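Me: I have a fold on screen and want to learn to read it piece by piece. Can we go feature by feature?

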Amino acid sequence: MAGKKLNGTVIVTYRCNARCTMCNRYKAPSKPDEEISIETIKKLPEMYFTNITGGEPFIRSDLKDIVRELYKKSDRIVISTNGFFTDRIVELCKEFPQIGIRISIEGLEQTNNEIRGLEDGFQRGYKTLKVLREMGMKDVGFGMTVQDKNAPDLVPLYRISDEMGMEFATASLHNSFYFVEAKNIIHDRPMVAKNFEELINELLKSNSPKKWFRAYFNHGLINYIYGQKRLLPCDMSFDTFFIDPYGDVMPCNGTKDKEVMGNLNRQSWDELWNSPEAEKVRQKVRCCDRNCWMIGSVSPAMHKYIWKPATWVMAHKLKSLLGGKYSMFENKIVRDYRDGRVTKKQLDDLSTCDLSAVVNNGLSDASQAQLKDRSGEEIVDADIAEQMKR
Ligand code: SF4
């Protein structure tokens, strides 16, 4: 496709071996024989950035082939993983030392293992990161989804990542078909915001401009958990896309139900991207009120509307140099809540949490059918046991 390069996320599988409390995807796995093929990957457009995610991407034993193909069309690739399959990750990194790896770690050892439900998950993830560092991999780091339970671990975990010279990516709770979840919500917003405030001040103290922009991202997370309008426009589906294991191209992973622009198994990229269906999805994005603040939709916006984060960064770095500190009360809504002008119920109503929602998991009919006799956990556990025998 001629034209500018895009930002893409490839969901290579919906199979997952973790049991995270904030994501039910492990209960709704894709069928391996339906998952995105190399032939479909070959049809993707040129990208300046590609995120490979799942489920757990390393469950796919052909991930190396996928990465090899994607490097033909992408300037930079980052894989999001739970870090469980250390040997597979190391093997892949030997062939692609320039690749980025983000391992989800949800707090210090006990908190992480309780949230992710992976046996020995913290030690495995941590060990994987250390091995990658020792191999000389540069683009490796932690990814943490901040919620009530792990917010007190936010700064301690950042310090560990900082000491190891690693990236530290944050997120907060979201609800969507992708997470097969509609009930995620932050309960104690001031406590969680306080921890973000501390992290923001740590990041602003550093000498790294990248970290100063991360501080802005975390400032946006405080805004998000108070249910406010996004700090930057959302342009998903205009120069950014997600593709799911079935080849369905979508604007993002934040919508309540799956929104499909077209299917790359059946269509060419140009046909799909310029179709009336894609245009309809773009119209919906323009009116979307979910106000997600996830790196996938915020990073392209931060590049596109750079003046806004840059102004914030300059003002706050200067303040930090002069001995001042960022305060969460710079956000009007945080002051309004503190001063009783807004109630918790009003803030809860602004969130995407919907206790009565019936969640659409976005599975194909065939993937859904396999859940008739067995749970998603049983299917994936048997699948991994079989893979380990080979
Ligand atoms: S705000 Fe953007 S990322 Fe979130 S659901 Fe809407 S379109 Fe998707």
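Me: Which strands does H6 lie across, and at what angle does H6 run to E5?
Reply: This is a predicted model, so keep that in mind throughout. An angle between axes follows the N-to-C directions, from 0 to 180 degrees. Here H6 lies across E5 and E6. H6 runs at about 175° to E5. Angles over 145 degrees count as roughly antiparallel, so about 175° falls in that class.

Me: What unit do E5, H6 and E6 make?
Reply: Follow the chain from strand to helix to strand. E5 covers residues 140-146, H6 covers residues 154-163, and E6 covers residues 167-172. Together they make a right-handed β-α-β unit.

Me: In what sense do E5 and E6 pair, and over how many bridges?
Reply: They pair in the parallel sense, over six bridges.

Me: Is E6 mostly covered or mostly open?
Reply: Count neighbours for each residue. A residue is buried if 20 or more other C-beta atoms lie within 10 Å of its own. In E6, five of the six residues are buried, so with that cut-off the strand is mostly covered.

Me: What is the strand order of the open sheet?
Reply: The order is E6-E5-E4-E3-E2-E1-E7-E8-E9. That is nine strands, with mixed pairing. E6 and E9 stand at the edges, each with a single partner strand, so one side of each has no neighbour in the sheet.

Me: How do E8 and E9 run, and how many bridges join them?
Reply: They run antiparallel, joined by two bridges. E8 spans residues 248-250, and E9 spans 262-263.

Me: Now single residues. Where is Gly141, and which residues does Gly141 touch?
Reply: Gly141 is found in strand E5. Leaving out residues up to four places away in sequence, Gly141 touches Arg102, Ser161, Met166, Glu167, Phe168 and Ala169. Gly141 is partly exposed, with 19 other C-beta atoms within 10 Å. Gly141 and Lys130 are eleven residues apart in sequence and 10.0 Å apart in space, C-alpha to C-alpha.

Me: How do I describe two packed helices?
Reply: Two packed helices are described by the angle between their axes and the distance between the axes. Take H6 and H7: the angle is about 25°, with the axes 9 Å apart. That makes H6 roughly parallel to H7. Leu154, Val155 and Tyr158 in H6 meet Asn195, Glu198, Leu199 and Glu202 in H7.

Me: At what angle do the axes of H3 and H5 cross?
Reply: At roughly 20°, and the axes come within 10 Å. So H3 is roughly parallel to H5. The crossing is right-handed. On the H3 side, the contact is made by Thr86, Ile89, Val90 and Cys93. H5 supplies Arg124, Lys127, Thr128, Val131 and Leu132.

Me: What should I look for in the backbone?
Reply: Most residues other than glycine have a negative phi, and most peptide bonds are trans. A cis peptide bond joins Gly54 and Gly55, with omega about 20°. Gly55 sits in the loop between strand E2 and helix H2.

Me: Where are Val180 and Asn291?
Reply: Val180 is in the loop between E6 and helix H7. Asn291 lies in the loop between helix H10 and helix H11. Neither is a glycine, and each has a positive phi: about 50° for Val180, about 55° for Asn291.

Me: Are Val180 and Asn291 buried or partly exposed?
Reply: Val180 has 20 C-beta neighbours inside 10 Å, so Val180 counts as buried. Asn291 has 17, so Asn291 counts as partly exposed.

Me: One more residue. Which residues does Lys211 touch?
Reply: Lys211 touches Leu203 and Ser206, again leaving out residues up to four places away in sequence. Lys211 is in helix H8. Lys211 is partly exposed, with 19 other C-beta atoms within 10 Å.

Methods. Residues are numbered from 1 along each chain as its sequence is written. This is a predicted model: local features need pLDDT of at least 70, side-chain atom pairs count only at pLDDT 80 or more; totals for chains, interfaces and linings use all residues. A residue is buried if 20 or more other C-beta atoms lie within 10 Å of its own, exposed if 12 or fewer, and partly exposed in between; C-beta atoms are placed from the backbone. Helices (H or I, at least four residues) and strands (E, at least two) are DSSP runs, numbered from the N terminus. Two strands pair if DSSP finds at least two bridges between them. A crossover is right-handed if, with the strands pointing away from the viewer, the path from the first strand over the helix to the second runs clockwise. Two residues are in contact if their C-beta atoms, placed from the backbone, lie within 7 Å. Angles under 35 degrees count as roughly parallel, over 145 as roughly antiparallel, 65 to 115 as roughly perpendicular and the rest as oblique. A crossing is left-handed if the near helix is turned anticlockwise from the far one by less than a right angle, and right-handed if clockwise.
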